[in-house]
Structure formats: C-alpha cells, structure tokens
Amino acid sequence: MAAADRKEKKSIFDISKFLDKGVRVKFQGGREASGILKGYDALLNLVLDNTTEYIRDPDDPLKLTDETRSLGLVVCRGTAVVLVCPVDGMEAIANPFIQQE
C-alpha cells in the first residue's frame with residue numbers, strides 16, 4: 001500500500017476544547033490527578049500544570065482519601081490515561097448500583 005493511499009489517523013476525542021482549563025485525569029492502576037491542561041499530542045500524552053494528585057487509601061487502593069499532594073508541572077503518558085474530564089461541572093454522585101441498607 002502506497003503512503004498516499006493510507007488514511008490519516010484522526011483522534012475521536014477532541015481534547016482541544018479543554019486547553020488552559022482544569023481537567024481531572026484517571027490512569028490505569030487507579031491513580032487520579034487534576035490540573036490545567038497545557039498541551040497534548042496524538043497519543044494522548046498530556047502536559048498538566050498546577051497538578052494535584054489524589055492519594056489512595058493504603059488499605060483499599062481503589063478508594064481515594066481526602067489527602068492530596070502537589071506535583072506542579074507534569075507530563076502524563078498517554079497509554080496510561082483512562083479518562084479525561086473537565087473539573088468545572090463535575091460532581092460526585094451516589095452509585096445507583098449499590099444496594100441501600
């Protein structure tokens with residue numbers, strides 16, 4: 001197949017609308033962080049400024065605590081990114097699938 005016949009790969013996720021805005025990022029393995037999105041590339045590598053990591057509970061790695069730590073400027077590897085969402089307009093809701101006692 002000639003180079004001219006190949007289709008250019010386009011991202012299905014338009015992350016440009018989040019540039020210079022607060023985003024929350026979830027990673028494989030359960031880590032979460034939030035910061036100001038300063039840049040990205042086609043592989044979803046992200047550059048975040050004023051980044052805050054949310055510390056996980058040592059007893060339950062899938063549960064977050066209220067504790068955080070400041071990381072500053074970070075580069076997040078795109079292969080580890082699971083979710084990117086805006087900080088503004090985001091709020092926690094009760095899980096509708098957990099049976100209430």
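Trainee: Which residues of the largest nonpolar core touch the most other members?

Mentor: In soluble globular proteins, nonpolar side chains tend to be buried together. In this predicted model, the largest nonpolar core has 13 residues, and those touching the most other members are Val23, Val25, Leu37, Leu46, Leu48 and Val84. Strands β1 (22-27), β2 (32-40), β3 (46-56), β4 (64-76) and β5 (81-86) each supply at least two residues of this core, and β1 gives the most, with 3 residues.

Trainee: If I take Leu46 as an example, which residues does Leu46 touch?

Mentor: Setting aside residues up to four places away in sequence, Leu46 touches Ile15, Val25, Leu37, Gly39, Tyr40, Val74, Val75, Cys76, Val81 and Val84. Among these partners, Val25, Leu37 and Val84 also belong to the group of core residues with the most contacts to other members.

Trainee: In what order do the strands lie in the sheet, and is the pairing parallel or antiparallel?

Mentor: Strands of a sheet pair through backbone hydrogen bonds, either parallel or antiparallel. Here 5 strands form an open sheet in the order β4-β3-β2-β1-β5, and the pairing is antiparallel. β4 and β5 are the edge strands, each pairing on one side only, while neighbouring strands of the sheet are turned against each other by 30° on average, with direction ignored.

Trainee: How many bridges join β1 to β2, and which residue stands opposite Gly22?

Mentor: The antiparallel strands β1 and β2 are joined by 5 bridges, and Gly22 stands opposite Ile36 in β2. Ile36 in turn has Asp49 of β3 as a bridge partner, within an antiparallel pairing of β2 and β3 that extends over 7 bridges.

Trainee: Is Arg24 buried or exposed?

Mentor: In a regular strand the side chains alternate between the two faces of the sheet, and each residue still has to be judged by its own accessibility. Arg24 is found in strand β1 and counts as buried because its relative accessibility is 16%, which is under the 20% limit. The side chain of Arg24 also makes a polar contact of 2.7 Å with the side chain of Glu32.

Trainee: What should I look for in the backbone of the turns?

Mentor: Most residues other than glycine have a negative phi, and most peptide bonds are trans. The hairpin of β1 and β2 has 4 residues between the strands, and in this hairpin Gly29 takes a positive phi near 95°. The hairpin of β2 and β3 has 5 residues between the strands, and in the loop joining them lies Leu44, which has a positive phi of about 70° although it is not a glycine. Leu44 is partly exposed, with a relative accessible area of 22%.

Trainee: Where is Asp20, and what is the phi of Asp20?

Mentor: Asp20 sits in the segment before β1, and its phi is near 60°, again a positive value in a residue other than glycine. Asp20 is exposed because its relative accessible area is 54%, and the limit for that class is over 50%.

How values were computed: Residues are numbered from 1 along each chain as its sequence is written. This is a predicted model: local features need pLDDT of at least 70, side-chain atom pairs count only at pLDDT 80 or more; totals for chains, interfaces and linings use all residues. Side-chain values use heavy atoms; hydrogens and water are left out. A nonpolar core is a set of buried Ala, Val, Leu, Ile, Met, Phe, Trp, Tyr and Cys residues joined through side-chain atoms within 4.5 Å. Buried means under 20% relative accessible area, exposed over 50%, partly exposed in between (1.4 Å probe, protein chains only). Contact means heavy atoms within 4.5 Å. Two strands pair if DSSP finds at least two bridges between them. Axes are lines fitted to C-alpha atoms, for helices over the stretch in contact, and angles run from 0 to 180 degrees between N-to-C directions. A polar contact is a pair of N or O atoms within 3.5 Å; within protein, one must be able to donate a hydrogen and the other to accept it, and residues adjacent in sequence count only if both atoms are side-chain atoms.
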